[in-house]
Amino acid sequence: FEMPRASTASAATDGGFAVVKRSADPYEDFRKSMEEMIAEWPEGGDGDGEHSAESLLETYLVLNSPRHYPVILAAFADVRETLCP
């Protein structure tokens with residue numbers, strides 16, 4: 001997976017907004033957030049468009065510091081395995 005060069009935080013939020021949060025358990029918070037996002041997808045939402053696992057991961061990577069990438073990737077892998085077989 002490679003991040004598109006044109007990705008920006010404002011494009012990733014697409015009219016929404018990001019929330020700054022301190023966390024005692026970042027893995028669980030990222031995982032829960034991803035599960036909530038996927039639950040909001042329309043039927044058939046793991047395709048190639050806006051509601052795809054890859055676009056979800058891209059959004060989390062664009063909006064967060066690289067120091068969080070290992071936790072984001074671990075949470076994403078678990079959510080993907082569980083919810084998007």
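The buried residues of helix 4 pack against helix 2 (26-39) and helix 3 (53-63). Here, buried means under 20% relative accessible area, exposed means over 50%, and partly exposed lies in between, with a 1.4 Å probe and protein chains only. Helices (H or I, at least four residues) and strands (E, at least two) are DSSP runs, numbered from the N terminus. This is a predicted model, in which local features need pLDDT of at least 70 and side-chain atom pairs count only at pLDDT 80 or more, while totals for chains, interfaces and linings use all residues. Residues are numbered from 1 along each chain as its sequence is written, and side-chain values use heavy atoms, with hydrogens and water left out.

Now take the whole chain. It has four helices and zero strands. From the N terminus on, the order is α-α-α-α. Of the 85 residues, 25% count as buried. The chain exposes about 6100 Å² (Shrake-Rupley method, 1.4 Å probe; for residues, only the protein chains shown count as cover). Carbon and sulfur atoms supply 53% of that area. Contacts come next; a contact means heavy atoms within 4.5 Å. Take the contacts between residues at least 6 apart in sequence: 67% of them join residues at least 24 apart.

Go back to helix 4. It covers residues 69-83, 15 residues in total. From first C-alpha to last it reaches 20 Å, close to the 21 Å expected at 1.5 Å a residue. That expected span is 1.5 Å times one less than the number of residues. Which residues of helix 4 are buried? They are Ile72, Ala75, Phe76 and Val79. Seen down the axis, these buried residues fall within an arc of 105°, so they line one face of helix 4. The arc is that of the directions from the helix axis to the C-beta atoms. Turn to the face away from the buried side, and you find the exposed residues Pro70 and Glu81.

Helix 2 is the next stop. It has 14 residues and reaches 20 Å from its first C-alpha to its last, close to the expected 20 Å. Phe30, Arg31, Met34 and Ile38 are buried in helix 2. They cover an arc of only 100° around the axis, which puts them on the same side of helix 2. What covers them includes helix 3 and helix 4.

Look at some residues of helix 2 one by one. Arg31 is buried, with a relative accessible area of 16%. What does Arg31 contact, leaving aside its neighbours within four places in sequence? Its contacts are Ala75, Asp78, Val79 and Thr82. Met34, with residues up to four places away not counted, touches Leu56, Tyr60, Ile72, Ala75, Phe76 and Val79. Met37 is also found in helix 2. At 42% relative accessibility, Met37 counts as partly exposed. Leaving aside neighbours within four places in sequence, Met37 is in contact with Leu56 and Tyr60. The C-alpha atoms of Met37 and His51 are separated by 9.2 Å, and these residues are 14 apart along the chain.

Helix 3 has 11 residues, and eight of them are buried, so helix 3 is largely enclosed by the rest of the structure. Among the buried ones are Leu56, Leu57, Tyr60 and Leu61. Ser55 and Glu58 are buried in helix 3 too.

What lies at the centre of the contacts? The largest nonpolar core has 13 residues. Such a core is a set of buried Ala, Val, Leu, Ile, Met, Phe, Trp, Tyr and Cys residues joined through side-chain atoms within 4.5 Å. Those with the most contacts inside this core are Phe30, Met34, Leu56, Tyr60 and Ile72. Helix 2, helix 3 and helix 4 each supply at least two residues of the core. Helix 3 gives the most, with five.

Rings come next. A search of the whole structure finds one aromatic pair. Rings of Phe, Tyr and Trp (its six-membered ring) pair if their centres lie within 6.5 Å; planes under 30 degrees apart count as stacked, over 60 as edge-to-face and the rest as tilted. Phe30 and Tyr60 form the pair, which is edge-to-face: 6.1 Å centre to centre, with 75° between the planes. The pair links distant parts of the chain, with Phe30 in helix 2 and Tyr60 in helix 3, 30 residues apart. Phe30 counts as buried at 13% relative accessibility, and Tyr60 counts as buried at 9%.
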